[in-house]
Amino acid sequence: MTHIIRHMIKEAITGKHELSRHAYGEGREYVPLALRSQELWEGLERKSHLKIFTQAGAMGFGPQGNAPFIDEAIASGKEHNLHIDFLSSAEIKERFPGLNLPDDYIGFYEANSGFLFSENCIAAYKELAIHHGAETSFQNPVIDIETSDRSVSVITENATFTGDKLIISAGAWSGTLSEKIGLKLPLKTTRQPIGWFEANEALFNLHNFPTFAAEVAINGSKALYYGFPSFGGCGLKIGRHDYEDVIDPSTMNREFGSDIHDEGHLREFLDTFMPEAAGKLKKAAICIYTRTPDGHFIIDQHPEHAHVLIATGFSSHGFKFASVVGEILSQLAMHGVTEHDISLFKLARFADCHIKKE
Ligand SMILES: Cc1cc2nc3c(=O)[nH]c(=O)nc-3n(C[C@H](O)[C@H](O)[C@H](O)COP(=O)(O)OP(=O)(O)OC[C@H]3O[C@@H](n4cnc5c(N)ncnc54)[C@H](O)[C@@H]3O)c2cc1C
């Protein structure tokens, strides 16, 4: 098996750690996949010398009756019997005194969730893959793909690779690559600022504060934020989930602050809900979301060439599932079927996404 990668590291991983939560605001259908992912991450940690997951806990909060993401997360927890505490505004503030919440907010806390050290996850999988005979090719962009009934050839800047099966998972560049195999995917790529802010460590350190998702009303409009406690002196990390600044991934301005709202949107949340985490900006980054119209992933076989698989459109919430997505793709590639329910991720839900290659 050969892995061909455009750049040295995964594009979206500037953040170095990513939420892994089980109660799921994006849809209760994801819970079984989140739980299987967790098992696989724990297995990876046992096989690797690297730290993969930290059980920091996960919290969600929003205004009662006006926070569908938080309501769905709570409903998903109930439906799948997850160990979750349902909390009033007063109870949340008692547990996490750094929070400044209105009285009509509600929330939940899930002790078993936490975050993944994403660069370690990738490094560990890469090391194991090479150990088991995989070959990798970095800094070698794919420029074309040729399919025939039984095989597929990938043409890169340096060489041509031919094999029985192909998995395309090119993040923000999946749209361009999919056109080479006659697919026009309805993907939108968006520019996403994230920042690390100096915080009161007695209130926002990993030992006393969890990861969070917050669906809030700020200055009359709704917004969805997520974040991580400070650890190792890094500061509280925060990003805005619903921010849709559509860009071309190849020409996007990667400088934090080049857009006037980059820091402003993050500070707006901190000033209102976590004033003691609204200190100096310690570090910042810009990364890219690859979104589908309904926010659900694309994991499927090519409609004409079943030996070509596509996995993309992870719509800002895919990293935690990378372990189970790997399992799904290996089952599809080897056996043509998977034990997991991936009906939500079918290409057929998009009309007209199949064009013929010229
Ligand atoms: C700021 C931010 C925060 C996030 N937080 C979370 C979180 O807390 N929890 C969570 O679960 N998810 C999170 N996500 C989402 C998660 O990171 C993505 O869903 C996931 O990384 C998508 O994986 P991917 O493999 O599709 O794309 P990528 O990770 O972008 O990988 C695509 C790879 O394909 C390579 N490539 C592209 N084009 C070519 C080509 N032509 N030839 C060869 N190689 C190519 C790229 O170089 C890259 O290595 C976050 C994303 C961002 C941007």
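Packing rests on contacts, in which the C-beta atoms of two residues, placed from the backbone, lie within 7 Å. Helices (H or I, at least four residues) and strands (E, at least two) are DSSP runs, numbered from the N terminus. Residues are numbered from 1 along each chain as its sequence is written. Because the model is predicted, local features need pLDDT of at least 70 and side-chain atom pairs count only at pLDDT 80 or more, while totals for chains, interfaces and linings use all residues.

H7 itself covers residues 261–273. Its 13 residues reach 18 Å from the first C-alpha to the last, close to the 18 Å expected at 1.5 Å a residue (the expected span being 1.5 Å times one less than the number of residues). The buried positions in H7 are Asp262, Leu266, Phe269, Leu270 and Phe273. They lie on the same side of H7 because they cover an arc of only 95 degrees around the axis, the arc being that of the directions from the helix axis to the C-beta atoms. An α-helix has 3.6 residues a turn, so residues three or four places apart point the same way.

Turning to the sheets, three strands form an open sheet in the order E12-E19-E18, with mixed pairing; two strands pair if DSSP finds at least two bridges between them. Strand E12 (166–168) and strand E18 (298–301) are the edge strands, each pairing on one side only. From one strand to the next, the twist averages 15 degrees. E12 runs parallel to strand E19 (residues 308–312), the two being joined by three bridges, and Leu166 stands opposite Val308 in E19. Helix H8 (residues 322–335) packs on this sheet, where it touches E12, E18 and E19, and its direction makes about 165 degrees with that of E19. Axes are lines fitted to C-alpha atoms, for helices over the stretch in contact, and angles run from 0 to 180 degrees between N-to-C directions.

Elsewhere, strand E7 (residues 114–117) pairs antiparallel with strand E2 (residues 17–20) through four bridges. Strand E3 (residues 53–54) also pairs with E7 in the antiparallel sense, over two bridges. Leu116 in E7 is the bridge partner of Glu18 and of Phe53.

Conventions. A residue is buried if 20 or more other C-beta atoms lie within 10 Å of its own, exposed if 12 or fewer, and partly exposed in between; C-beta atoms are placed from the backbone.
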